[in-house]
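Let's take a walk through a protein model together. Have a look at the sequence and the 3D view first, and then we'll go through them step by step.

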Amino acid sequence: MDCREAQVQILAAQRGQLRPEQQGGLHAHLDTCALCSRVDAEEQVLTEILERRLPQYPASIALKRRLAARWPAALPPRRSWRRHWGPFLVPVFVAAAVLLVALPVYVERTNLAGTDETASMVSEAVNDYLRLVSSQHPLEIASGGLHQVKPWFAGRLDFAPVVSFEGDQEFPLRGGSVGYFLDRKAAVFVYGRRLHTVALFVFRADGLSWPTRDLGAMGSARASANVNRGFNVLLWRVGELGYALVSDLDVRELRELGARLASGT
Amino acid sequence: MGKGGGTEAGDRLGREALAYIDALHNLARYLTGSLPDAEDLVQETYTRALQAAEQFTPGTNLKAWLFRILRNTFVDQYRRHRNDPTVGGLDTVDPVAQGAAHEVWLRGDIDIDRLRNVVAEDIDKALMRLSEEARTVILLDLEGQTETEVAEILGCAVGTVKSRLARARAVLRHRLQDYAR
């Protein structure tokens, strides 16, 4: 198998669509070809960002109504009230009974869906944190104090990050950079705690599914505490801005910093 | 005869087809690059689907059938606007893309960390810079259409779809790297 053949098959392989012998041939090639193995990794990342961030353009309600009006459901002839509703009374009672049973299940599922979306935000926060700490240049502006870091964001973001904690002896502010959180830009403030790095991501909160359950008081805000791959993540929202505080610190210490940050937001 | 002027089969099909309106509109937006044009294209697609309802075989893939009508409608309109169907053709929507496909093919030199950093608007822009053909194959694939279905929609061989998709995604990866900060 040459590289061209291999690269045509990579996407199908990632989706498990190749026959076993094709899969074997491709893996044998990837094991020995650094270039194709790199393309394999690039394809995975491309799939991930397309599935998660590609803007979707659903049809407007007006268009849906216009088209639906062209194909109306067949209307039954007019009948008296009793004749009209009589046949439906039993099904309506049955439906009401089913609803009584199904509603709690639906509510539970809705909550689970919300939990999934929160998990996605938490996972994104940890990924962003890992990218930051593994970067060779994690800080675009080294700190000479918050008064130096905050103005640096002007012109680089389409919002003003509201953060007033300047850092202290326990949690010194190391600097900042512009990063990304899901599909939007984020202001990244980096604090230290002994040898640990703590990252605060501040971003526009709109359009995200924020956790509403199990929120704990933290300064003047109410935050959701989460653990992902051993990292602690605190999520909270104040007005139009969202905050994600991430670190490998234990959650108690992270909450201490969170409280200092939240009291000024 | 339904209100839409079609037959009973047309009306039934139309109602079923409405379930796919969001997917069709999404593809139409990426084909035309504008929301008003996308609306017009979707309306025209449904009109043509209604007229051709008798040709649809119940039990076959309605979504793929609608995608094919939408794409053919777009091609017809595009050619009408171009006035001269023999010049260029659709692949020249972005002439650079075709050349770029050959350049990026087999390179594998993307900075993956940068690629991860692209945001939604960058993906939109990068996709719109691809040729119509490349955009279509990527979007149909994302919509979950199989290679066989994409081949039917585009009117080409399955093998062609495989190589077009791989090339289109290679060009997109490179385009996205231009946007990543």
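Which residues touch the most other members of the largest nonpolar core? Before we get to that, some ground rules: this is a predicted model, where local features need pLDDT of at least 70, side-chain atom pairs count only at pLDDT 80 or more, and totals for chains, interfaces and linings use all residues. Residues are numbered from 1 along each chain as its sequence is written, while chains are lettered from A and ligands numbered from 1 in the order in which they are written.

Now for that core. Leu27(B), Leu70(B) and Leu172(B) touch the most other members among its 53 residues. A nonpolar core here is a set of buried Ala, Val, Leu, Ile, Met, Phe, Trp, Tyr and Cys residues joined through C-beta atoms within 7 Å. Buried means that 20 or more other C-beta atoms lie within 10 Å of the residue's own, with C-beta atoms placed from the backbone (12 or fewer is exposed, and in between is partly exposed). The top contributor is helix H10 of chain B (residues 158–179), with 8 residues. Helices (H or I, at least four residues) and strands (E, at least two) are DSSP runs, numbered from the N terminus. A second, separate core has 41 residues, including Met121(A) and Leu173(A).

Next, chain A. It has 7 helices and 8 strands, and 29% of its 265 residues are buried. Find H1(A) and H2(A): their axes come within 10 Å and cross at roughly 120 degrees. Axes are lines fitted to C-alpha atoms, for helices over the stretch in contact, and angles run from 0 to 180 degrees between N-to-C directions. The two helices are therefore oblique to each other; angles under 35 degrees count as roughly parallel, over 145 as roughly antiparallel, 65 to 115 as roughly perpendicular and the rest as oblique. Where they meet, Ala6(A), Gln9(A) and Ala13(A) of H1(A) face Gln22(A), Gln23(A), Leu26(A) and His29(A) of H2(A).

Finally, look at where the chains touch. Chain A puts in 36 residues and chain B 38, with contact meaning C-beta atoms, placed from the backbone, within 7 Å. On chain A's side, H3(A) gives the largest share, 12 residues.

Notes:
Contact = placed C-beta atoms within 7 Å.
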